[in-house]
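This briefing covers a predicted model.

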Amino acid sequence: MNATGIPLKEPSVSAVAGDTEQEERALIDASTRVPVLMFYTSAMAWLILGTLLAGFVSFKLHTPDMFSEISFLTWGRVRPAHMNVMVYGWASMAGMGTAIWLMARLCRTVLRYPLLLLAGAGFWNLGVVLGVGGILLGDSTGYQWLEFPRYAAIILFIAYTLVASWAVLMFRYRRGEQIYITQWYLLGAFLWFPWLYTAGQLMLFVVPVQGVLQSAVGWWYANNLLFLWFGAIGLGTAYYMIPKVIGRPVYSYHLATIGFWTYALFSSWTGMQRLVDGPFPAWMITASIAATILTIIPVATVGLNHHMTMQGYFPLLRYSPTLRFTVFGAMSYTVFSLVGVLISLRSVARYVNFTQASIAYSHLGLYAFFTMVIFGSMYYIVPRLVGREWRYASLIKLHFWASAYGIGLMTLMLLAGGFLQGANMDNPSLVFSESTETILPYLRGRSLSGILLTASHFIFAYHFGLMLLGLGRTSTVPTFLNPVEAEGSEAHI
Amino acid sequence: MNEETPKLTPPKASGVGQGMDYGEQADVQQVHAAVQREKREPRVGAEPLSIWLIAVYGLAVFFGGAYLGRYSGNFSGDALDPYGGEAHAMKKVTGPQGAEQVAELSPHDRGKKIFAANCQTCHQANGLGVPGQYPPLAGSEFTTGGSRRPAEIVMKGLQGPVTVKGQKYGTAVMQPWDKTLTDQKIADVLTYERSEWGNSASPVTAEQIAALRKELANHPESFTEPDILALPADAELPGGPPAGAPPPKPGEAAKPNAPPKP
């Protein structure tokens, strides 16, 4: 399908429903079909690979001798491979897919320059393949989330430039005066990522800063990738999906403005709080902690805005898959941020720094918040791209509960285990090895949660595959999670 | 929390009647049902800011600012201490009597850590060893007698058959520790072994081990049982406390003249 070839018609009397907005939306959806599905399909493949690597990593923590004689299956290579597949393969690609669709819809124009996006997706996949291959062969750089070797990083950057320039071009072609909240976040994300990525690459590899400052740069990058890239896409998506599905305006423009600008301002100061008691001038770390405390402002604002929008519509969570996933993610954003504030305070970080608790924090942000929001958006977008409804409500329900319980269990296990590990590390009469041995039961519990998440991802991948093959339901009614009562529900997915 | 329930209405009749699927229609104007039934694009309301939210902002700014002021180390580039660098650290060191006030682990507790890291694998946490392989330390006549015998065994190791508490051992070789552990650590672990598991023998100091180390400087190979038995059972290392001194209680604080932690 030649997406650019579809003219955006002037409003006319339509035979279908007499609604020009519908016709416009249909044209836009059709034009986003190939690029968005390409991003989504690649993301799903990376999700499955990343899940398998994750399970392997998790089991290795309590069964360290498993396959330890094979060099590319050692802990030091599989763990960064898992993280990078999830961060760049799954989360970034799925996030970009959703961002592209939202951008086209909100700019109210058919998707232009689809070749930019197709080339971008191709190069991005190539970059991740080379990067993960490089890590497994021992080429890792050793900085968290920047482990990809130089040759992969450059390809990734080219791919990114293509996608981001597409986003800016689309924004130039936008119609209508209003710029919706989601567009602020998406445009922000598309401009913040290159800033983070070039700063990280330049200061760590091209002209490396000296000594301990490298870890300051490394953590600034990792933390802000979570906030300014994934966080911005996640929040932007939630700002679209929640009011869209329930058909009600977002509660307050003022709250949205404050939430956006304080988020941008304070998030970019964070990162160094992950290095409490490291060999840094105290003010550097304290400045990051203070900024983390100040992120309470955007969290409270955005949380309140979403909550007041949802007010009175919570019963719809029973029916709409999109709403259920998105609201779960939006609530997790609050939890993630408050946990982040808690574990960054010096008095707490003293115990939990460098323990499993920081793994719990990363998973809260990247999974409980971001990934769940993206799942929600995929449940909304994919039927519009393939022209079919999701086939099985039961699979969606299974997917949701396995994901929700899985990530909940993982967070609890790692937080509790992290606190225990930290308390033992802080106790001078215990040897170091005891601090790791006491959390073995928690690590086994985490592996259990990993099994749940693996199941949920395979279920979703299967369902997504059915949709892709055109095996979804042909129906005018969306796939609800639960049968709608006699009076019928508003059709909204 | 809310009486207001979502307004539930059946799908639009027009959608049901005409909404064939996109995939089945050549004409793109026949819009996919999902697009037909969906709500209009989101708009933004303009509710005012709540006074409570402004209070939350104030609290966050106050807390963040106070935190920055308190733990900034005076914004000095070389202050690693969040409380303000060296001035504070000096105060900590010079206590009321001018002596070091920092709480320190007792030799017994230090010895416990060293034991757990180095000895526990063979002699076990309960000090009972493994029958036939690793002799026990709990109640062993070698451990609880004079300090000289156990000190020499730890320094240079032991090989060959040995009889402890009437049981024969000898399949395993004990490695010498004089190259691995410092005088202080060997003294601490001996003190621990001689006062744990019901043992109650005198403590050992780093000075004693240092003297023994000089004495054994030209003794390359491991000891055997006859070497050890050649020493009197109650032979003490020179410079120790008078025989019969009460053993240190576990958890006892370090004496003021205790050597600094290695």
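The predictor's confidence in each residue is expressed as pLDDT, on a scale from 0 to 100. For chain A the average pLDDT is 89, and 94% of the residues score at least 70.

**Confidence**
- Residues 1–18 of chain A stay under 50 in pLDDT, and the model gives them 36 contacts beyond four places in sequence.
- Residues 486–493 of chain A also have a pLDDT below 50, with 25 contacts in the model beyond near neighbours in sequence.
- Where pLDDT is low, the predicted coordinates should not be read in detail.

**Nonpolar cores**
- The largest nonpolar core holds 180 residues, and A:Met103, A:Tyr185, A:Leu186 and A:Ala189 have the most contacts inside it.
- Helix H6 of chain A (residues 213–246) supplies the largest share of this core, 22 residues.
- Another core, of 22 residues, lies apart from it; B:Leu181, B:Ile186, B:Ala187 and B:Leu237 are among its members.

**Packing of H12(A) and H13(A)**
- Helix H12 (residues 356–386) and helix H13 (residues 393–426), both of chain A, pack with their axes 8 Å apart and at an angle of about 165°.
- Angles over 145 degrees count as roughly antiparallel, so H12(A) and H13(A) are roughly antiparallel to each other.
- The crossing of H12(A) past H13(A) is left-handed.
- Residues making the contact include A:Ala360, A:Leu364 and A:Tyr367 from H12(A), and A:Ile407, A:Leu414 and A:Gly418 from H13(A).

Definitions and conventions:
Residues numbered from 1 in each chain as written. Chains lettered and ligands numbered in written order. Predicted model: local features only at pLDDT ≥ 70, side-chain atom pairs only at ≥ 80, totals over all residues. Contact = placed C-beta atoms within 7 Å. Core = buried A, V, L, I, M, F, W, Y, C linked by C-beta atoms within 7 Å. Buried ≥ 20, exposed ≤ 12 C-beta atoms within 10 Å, placed from the backbone. Helix = DSSP H or I, 4+ residues; strand = E, 2+ residues; numbered from the N terminus. Axes fitted to C-alpha atoms, helices over the stretch in contact; angles between N-to-C directions. Parallel < 35°, antiparallel > 145°, perpendicular 65-115°, else oblique. Left-handed = near helix turned anticlockwise from the far one by under 90°.
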